[in-house]
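I opened this entry to keep track of what I looked up in the model. The notes follow the order in which I checked things.

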Amino acid sequence: MAMTDFREIEAPRMRVLTAGQVVAVGHAGHVHLLQLESGNTLWSYALSGREGATACEGQPVTVGIVGDVVLAGAMGHVFALDLETGDLLWHKDHRARGAGETTFAFGGPGSDYVSSLAT
Amino acid sequence: MITRASKSLLTLSLGIFALLVGVDNIFDYGTNFAFVQHVLSMDTTFPGNKLMWRAITSEWVHHAAYALIIASELAVGLLCVAGAWRMFAAKSRPGPQFNRAKALAIAGLAAGFGLYFFGFLVIGGEWFQMWQSTAWNGQEAAFRFAASFGLVLIFVAMEDGDGWP
């Protein structure tokens, strides 16, 4: 019978933060996550630091929180950031000709509401 | 006399302006360096445009271009200030002598017009397609500066006689 090495067992990670406890701020190519109660900054992320996204530097940023993910959009680039850590989950480039706004819509069939944001 | 003094003072004001711009760009290097980077990189022009081969992403070229711009601004400023002083010193001289004293001022004003028209509108605006960018577009400011230098240049270059106010 094999012995269990308890050090190899990963305990389920507890989410400390929830969307209701924080506020995401998008400004000048950056996303900041603040504590709702204190206003303290939990983390900041510079969108233009991502390779291929230099166009986002200094630009208006649309932000939204969906579950454990902070979504940010600027200059047609869309970023998904981990709510807890601010780590980049994914980044997609949807830039097109012109100066179109970057907008989001959350929700869909079955959800209570749909909201949209724009920069 | 008023006309000659006005030519001198207007040239001086543009000289101080150019010197301030150059000095500000040295002490606050990063603000306008970002502008140079984005314009030369063409990273906010329309995606897929057929002129992207003109883009320069090398950082040392960005620094070199910015240094050239700052040096040009300082040179324009010095020429205009020196030219204004020469005109002011010669304001009571006979017309032909005063007209000859305009040389530095005309050189400075023409260089200022060239800097903002050729450097920012021709090279930045058209070669690097700055007009396509809403984010990093300095065309309006460049036109204001070029127009100011151009108008004062025309005024200063007008021949002065001895019977003028």
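**Conventions.** I am working from a predicted model, in which local features need pLDDT of at least 70, side-chain atom pairs count only at pLDDT 80 or more, and totals for chains, interfaces and linings use all residues. Residues are numbered from 1 along each chain as its sequence is written, while chains are lettered from A and ligands numbered from 1 in the order in which they are written.

**Chain overview.** I looked up the secondary structure, taking helices (H or I, at least four residues) and strands (E, at least two) as DSSP runs numbered from the N terminus. Chain A has 0 helices and 9 strands, and chain B has 6 helices and 0 strands. The C-alpha trace of chain B spans about 60 × 30 × 20 Å along its principal axes.

For burial I counted other C-beta atoms, placed from the backbone, within 10 Å of a residue's own: 20 or more is buried, 12 or fewer is exposed, and in between is partly exposed. On that count 24% of the 119 residues of chain A are buried, and 34% of the 165 residues of chain B.

For contacts I required C-beta atoms, placed from the backbone, to lie within 7 Å. Among contacts in chain A between residues at least 6 apart in sequence, 39% join residues at least 24 apart. In chain B, residues 24 or more positions apart account for 78% of the contacts with a separation of 6 or more.

**Helix α6(B).** I checked its length first, with the expected span being 1.5 Å times one less than the number of residues. The 19 residues of α6(B) (139–157) should span 27 Å, and the end C-alpha atoms are 26 Å apart, which agrees. Which residues of α6(B) are buried? They are Ala142(B), Phe145(B), Ala146(B), Phe149(B), Val152(B), Leu153(B) and Val156(B). Seen down the axis of α6(B), they fall within an arc of 135 degrees (taken over directions from the helix axis to the C-beta atoms), so they line one face of the helix. An α-helix has 3.6 residues a turn, so residues three or four places apart point the same way. The face turned away from the buried side of α6(B) carries the exposed residues Glu140(B), Arg144(B) and Ile154(B). The buried residues of α6(B) pack against α1 (2–27) and α5 (103–127) of chain B.

**Packing on α5(B).** I used axes fitted to C-alpha atoms over the stretch in contact, with angles from 0 to 180 degrees between N-to-C directions. The axes of α1(B) and α5(B) come within 11 Å and cross at roughly 50 degrees. The contact is made by Thr11(B), Leu14(B), Gly15(B) and Ala18(B) of α1(B) and Ala105(B), Gly108(B), Leu109(B) and Gly112(B) of α5(B).

Helix α3(B) (59–89) packs on α5(B) at about 150 degrees, with the axes 7 Å apart. That makes α3(B) roughly antiparallel to α5(B).

**Val81(B).** I found this residue in helix α3 of chain B. Is Val81(B) buried or exposed? It counts as buried because it has 21 C-beta neighbours inside 10 Å. Leaving aside neighbours within four places in sequence, Val81(B) is in contact with Leu12(B), Gly15(B), Ile16(B) and Leu19(B).

Conventions: Two residues are in contact if their C-beta atoms, placed from the backbone, lie within 7 Å. Angles under 35 degrees count as roughly parallel, over 145 as roughly antiparallel, 65 to 115 as roughly perpendicular and the rest as oblique.
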